[in-house]
Amino acid sequence: MRVAGWVTMLALAAPVSAAMGQAAVESVLRRDLQVLSADSLGGRFTGSPGGDAAARYLARRFEEVGAKPAPGGWLHEFTMAADLAGFRSMPADRRPTRAANVVAMVPGTDATLRGEYIVVGAHYDHLGDGHANSLGTPGEIHNGADDNASGTAALLEIARRFVAAPAKRSVVLVAFSGEEFGLLGSAAYVRSAPVPMERTVAMVNLDMVGRLRNDRLLVFGSETATEFPALLDSLNQTHRFDLNHSGDGFGRSDQQSFYLARKPVLHMFTDLHEDYHRPTDDWEKINLPGLVRVAAYTTDVVRAIADRQAPLSFVMKAPPAHSGTAAAPVSSGYGAYLGSIPDMGTGGPGVRLSGVRPDSPADKAGLTEGDVLLLIGDFEIADLQAMTDALRSYKPGDSAVVRYRRGPEERSTTVVFGRRGG
């Protein structure tokens, strides 16, 4: 893969000043979102020409904001098995066999601590034309503006902020590929990182951070270091989110690869929505002021970790069933398929459904929009992380009794889980 090329697209990215106001930052984020979620990239499918073009754009943008390439260069390439489940619906001659993460660095300022690293990551790949893992219409371009052009654009803004004011430890900024098909890029990074993994002290992940609603920001992984809850709450005194943090480092995004490598992790998330994994996830629906706020808060979190003298106190919890291992991450990244679209915008215990896919296991079991899931088998569903863990404990073909609330009434139904993707 070459960094050069795609001149027309790269020309859209003008240098950015270190000192920028809100309107200017929003303008740059909008431009990056428009480029990354353009139809011309074809949905940024892992290893596709559009995915490669996105990687070249990101390398150029990191260079423009003043970040340095990682040892070995901007691109951290990795190979993939052509028979991965997500690729089986494609003709054999179109199945990708290689892709690349894009890796940038901002060296630290402390003579001792600069040899340690904080990884900030966001995946830039998406579903292409939706023939694998789509919840919408396969065959249409899935531009993935929130999933995850939003996190990738925020990553560029975070890079700019650290170039303007470096931290004591070095900050490594990684745009991962292959997340949608089993956390492939982050697993490859952990196996052959361009900076020593033994000197990597934490990882912060941004995945779907562009739809901030009612100031509600979710942060998963706060239980992976004993210092995280107080740190997150303290920094939020300034940013004033409706902040909800919880959970271990397992989950369906790239932080899991680092948690399995025994690193403290955090996952920033502004929640699911009706456009998730659908062709309708377009840049016009991104909350730009909210995205700036998430990038600013994440920068402060990373800086607090990077500037502290003492290391974090890592906490490892037992993985949920079928969570995979560091050498073989979960093949689909999603667990058993229910076919529901959760909506965490409402408070309280349980996960409210904003919809279900027709003919899905949820639909066949009688679940519908507005139902609030309370139990899946023996798993109490307190929030989205609990629901994720529950689904990851089942395999396709397994069944479970689901207890849910519809209006004032609690009901039960039996669900037979399906298989996601190819």
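**Figure 1. Val-356 in strand E11.** Val-356 lies in strand E11, which covers residues 351–356. The model shown here and in the other views is predicted. In sequence, Val-356 and Gly-339 are 17 residues apart, while their C-alpha atoms are 5.7 Å apart in space. With residues up to four places away in sequence left out, Val-356 touches Gly-339 and Ser-340, and also Ala-362, Asp-363, Leu-367 and Thr-368.

**Figure 2. Ser-246 in strand E8.** Strand E8 runs over residues 242–246 and contains Ser-246. Is Ser-246 buried or exposed? Its relative accessibility is 19%, and the limit for a buried residue is under 20%, so Ser-246 counts as buried. Not counting residues up to four places away in sequence, Ser-246 touches Val-219, Phe-220, Gly-221, Ser-222 and Glu-223, together with Asp-383.

**Figure 3. Helices H2 and H3.** Helix H2 is formed by residues 22–36 and helix H3 by residues 49–65. Their axes come within 10 Å and cross at roughly 160°. Angles over 145 degrees count as roughly antiparallel, and H2 and H3 are therefore roughly antiparallel to each other. H2 makes the contact with Val-28, Arg-31, Asp-32, Val-35 and Leu-36, and H3 with Ala-54, Tyr-57, Leu-58 and Arg-61. Six residues of this contact are nonpolar and three are charged, with no polar ones.

Figure 4. The largest nonpolar core has 66 residues, of which Phe-62, Val-102, Leu-173 and Ile-305 touch the most other members. Which helix gives this core its largest share? Helix H8, residues 288–307, supplies ten residues. Leaving aside neighbours within four places in sequence, Ile-305 is in contact with Ile-118, Arg-169, Ala-202, Val-204, Phe-228, Leu-231 and Leu-312. A second core of 20 residues is separate and includes Val-351, Leu-367, Leu-373 and Val-402. In soluble globular proteins, nonpolar side chains tend to be buried together.

**Figure 5. The whole protein, for orientation.** The protein has ten helices and 15 strands. Of its 422 residues, 59% are buried. Among contacts with a separation of 6 or more, 75% are between residues 24 or more positions apart.

How values were computed
Residues are numbered from 1 along each chain as its sequence is written. This is a predicted model: local features need pLDDT of at least 70, side-chain atom pairs count only at pLDDT 80 or more; totals for chains, interfaces and linings use all residues. Side-chain values use heavy atoms; hydrogens and water are left out. Helices (H or I, at least four residues) and strands (E, at least two) are DSSP runs, numbered from the N terminus. Buried means under 20% relative accessible area, exposed over 50%, partly exposed in between (1.4 Å probe, protein chains only). Contact means heavy atoms within 4.5 Å. Axes are lines fitted to C-alpha atoms, for helices over the stretch in contact, and angles run from 0 to 180 degrees between N-to-C directions. Angles under 35 degrees count as roughly parallel, over 145 as roughly antiparallel, 65 to 115 as roughly perpendicular and the rest as oblique. Ala, Val, Leu, Ile, Met, Phe, Trp, Tyr, Cys and Pro count as nonpolar, Asp, Glu, Lys and Arg as charged, and the others, Gly among them, as polar. A nonpolar core is a set of buried Ala, Val, Leu, Ile, Met, Phe, Trp, Tyr and Cys residues joined through side-chain atoms within 4.5 Å.
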